[in-house]
Amino acid sequence: MPQVVWESLVGETQFATELTLIGLRRLCSVPTAPDLFPWDSKDHNYALHVGMYSYASGLERLCKLAIASNEYATTGKFPNLRKYSHKIGNLLDAVEALSTPPSSPGPSEREAKYLVRPLDDLDPDLMGTVERFASGAGRYEHLDVLWNDDAEVNTYNEWSALAARASVSEEVRRLISLKAAMARAIGSELADDGLESSARMMMEDLELPIYVPSVGVVLSLFRKVRWVSTTLDVATYYTREDLPILGEILTPTFVHTSADFFNYSIARFSDDAVIEEELAEVYERINEREAEMDDEDFDEMGIEK
């Protein structure tokens, strides 16, 4: 295999991994409750289009990499992938139809459970929404409506309907709460040190809201990526000497349980147990400060507690 092909496989896998991860993180911030939009404004739903654009593109690329690498590992030749275009459904079907290359040592016990195409209560509607977006009807809906009276802006409505059906485990809910507590604690400590303005941009990223219903949809999307990533890993894991082992790029991000993926890649905790311990100490200081501020307010008003 020419060096340029080897480098293309590695570079494309890195690109697809980051695109997908960016999309999943952004989609966690899609508001879904009507009362979150005062004065009928839906300005924040652009997070949906940013996230869907990145996720759909990343998933499409990972599928094509899995198909191409599996074919090369089996026959020594790469297939032409142009026929798939942006048809996410066809790509997922093609990945499902792949057989493990004869030269593969086989999946590990951990990987084996992720090699089955995941289906849940959001299927098939969820991937239908992704394909509609990827193929253009969703990607361009805000532009199309400018000139086409028949164009429909439906992506947000479809997402909201999916979010209403999604479920989130208690463990993930705990991690969401922990992330919010961490953001508040860091903001309070920085303000107390006189760094409130200096840290404003950092805090905007840290305080980016996460909506539980959207997280439920995101984790379903993640499981599709985990399956495709595991398939790609198996196709390149010592199947041919000239194939890079692409699982080294994918596994650290995507081959996890849903809760661990949220922990490491969305909340971005290194060790949530340690963070809980640290926050317990920090909140003691925060509570003391707030109690002192309350005392000062009472003193200024001449009110006895």
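In this predicted model, helix 1 buries a series of its residues, namely Leu9, Val10, Thr13, Ala16, Thr17, Leu19, Thr20, Leu21, Gly23, Leu24, Arg26 and Leu27. An α-helix has 3.6 residues a turn, so residues three or four places apart point the same way. The buried residues of helix 1 pack against several other helices, which are helix 2 (46-75), helix 7 (155-165), helix 10, helix 11 (247-254) and helix 12 (258-266). As for the length of helix 1, its 25 residues should span 36 Å at 1.5 Å a residue, and this agrees with the 36 Å that separate its end C-alpha atoms.

Among these partners, helix 10 can be followed in detail. Helix 1, which covers residues 3-27, and helix 10, which covers residues 212-236, pack with their axes 9 Å apart and at an angle of about 160 degrees. Because angles over 145 degrees count as roughly antiparallel, the two helices, helix 1 and helix 10, are therefore described in that way relative to each other, and their crossing is left-handed. On the side of helix 1 the contact involves Thr20, Leu24 and Leu27, which meet Ser214, Val218, Leu221, Phe222 and Val225 of helix 10.

Helix 2, another of the helices against which the buried residues of helix 1 pack, contains Asn70. With a relative accessibility of 8%, Asn70 counts as buried, since the cut-off for that class is under 20%. Leaving aside residues up to four places away in sequence, Asn70 touches Leu98, Ser99, Pro101 and Ala235.

Key: Residues numbered from 1 in each chain as written. Predicted model: local features only at pLDDT ≥ 70, side-chain atom pairs only at ≥ 80, totals over all residues. Heavy atoms only, no water. Axes fitted to C-alpha atoms, helices over the stretch in contact; angles between N-to-C directions. Helix = DSSP H or I, 4+ residues; strand = E, 2+ residues; numbered from the N terminus. Parallel < 35°, antiparallel > 145°, perpendicular 65-115°, else oblique. Left-handed = near helix turned anticlockwise from the far one by under 90°. Contact = heavy atoms within 4.5 Å. Expected span 1.5 Å × (residues − 1). Buried < 20%, exposed > 50% of the residue type's maximum accessible area, 1.4 Å probe, protein only.
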